[in-house]
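Here are my comments on the model you asked me to look over. Please read them with the structure open beside you.

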Amino acid sequence: MTPRSAQDTEPFCWCCGRDKPETELVRLGSHPEVGVCLECARWLQRRARQRHDSRHPGPSARLRGGIDAGRDLVIRKGWHRRGLLGALLRRIDRYLP
Ligand SMILES: [Zn+2]
């Protein structure tokens, strides 16, 4: 993958580097030249939430930590790529924090 820059004419995600239509990008407020695709925005949101939870521990933070551990296990085992089981796990993941 070649490095991307603001001079590129086609819209792309500044996180994963993939070309994306403008409708699938979220622009940063103070730097509108920077766009992040919806998948990477969700990944960033989860990372921000994990960092927030680590600074503000509590029952809900522990519950979300358990969900994150389950998600990590599924990804590590590759279960999310297994046919019908993978489709079900990916669908469930859409509704998890
Ligand atoms: Zn992306």
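Leaving aside its neighbours within four places in sequence, with which residues is Leu 25 in contact?

1. Basis of these comments. This is a predicted model, in which local features need pLDDT of at least 70 and side-chain atom pairs count only at pLDDT 80 or more, whereas totals for chains, interfaces and linings use all residues. Residues are numbered from 1 along each chain as its sequence is written, and side-chain values use heavy atoms, with hydrogens and water left out.

2. Leu 25 and the nonpolar core. Once neighbours within four places in sequence are set aside, Leu 25 is in contact with Pro 11, Phe 12, Cys 13, Lys 20, Gly 35, Val 36 and Cys 37, contact being heavy atoms within 4.5 Å. Leu 25 also belongs to the largest nonpolar core, which has 5 residues and includes Cys 13, Val 36, Cys 37 and Cys 40. Such a core is a set of buried Ala, Val, Leu, Ile, Met, Phe, Trp, Tyr and Cys residues joined through side-chain atoms within 4.5 Å; buried means under 20% relative accessible area, exposed over 50%, and partly exposed in between, with a 1.4 Å probe and protein chains only.

3. The zinc site. The protein donors of the zinc ion are the SG atoms of Cys 13, Cys 16, Cys 37 and Cys 40, which lie 2.3 to 2.4 Å from the ion. Donors are N, O and S atoms within 2.8 Å of the metal (3.2 Å for Na, K and Ca), and sites may look incomplete because water is not among the atoms. Along the chain the zinc donors follow the spacing C-x2-C-x20-C-x2-C. The 4 donor atoms subtend angles of 102 to 119 degrees around the zinc ion, so the arrangement is tetrahedral, a term that requires all angles of four donors to lie between 85 and 135 degrees. Both Cys 37 and Cys 40 are buried.

4. Around the site. Ala 41 lies in helix 1 and is partly exposed, with a relative accessible area of 24%; its C-alpha is separated by 9.7 Å from that of Cys 13, 28 residues away along the chain.

5. Helix 1. Helices (H or I, at least four residues) and strands (E, at least two) are DSSP runs, numbered from the N terminus. Helix 1 has 18 residues and reaches 26 Å from its first C-alpha to its last, close to the 26 Å expected, where the expected span is 1.5 Å times one less than the number of residues. Cys 40, Arg 46, Arg 49 and Asp 53 are buried in helix 1, and the buried residues of this helix pack against strand 2 (35-37), helix 2 and helix 3.

6. Helix 2. The buried residues of helix 2 are Ala 61, Asp 68, Arg 71 and Val 74. Seen down the helix axis, these buried residues fall within an arc of 140 degrees, so they line one face of helix 2; the arc is that of the directions from the axis to the C-beta atoms. The face turned away from the buried side carries the exposed residues Pro 59, Arg 62, Leu 63, Arg 76 and Lys 77. Arg 64, also in helix 2, is partly exposed, with a relative accessible area of 22%, and, leaving aside neighbours within four places in sequence, is in contact with Arg 49, Asp 53 and Pro 97.

Notes:
Tetrahedral: all angles 85-135°; square planar, octahedral: opposite > 155°, others 65-115°.
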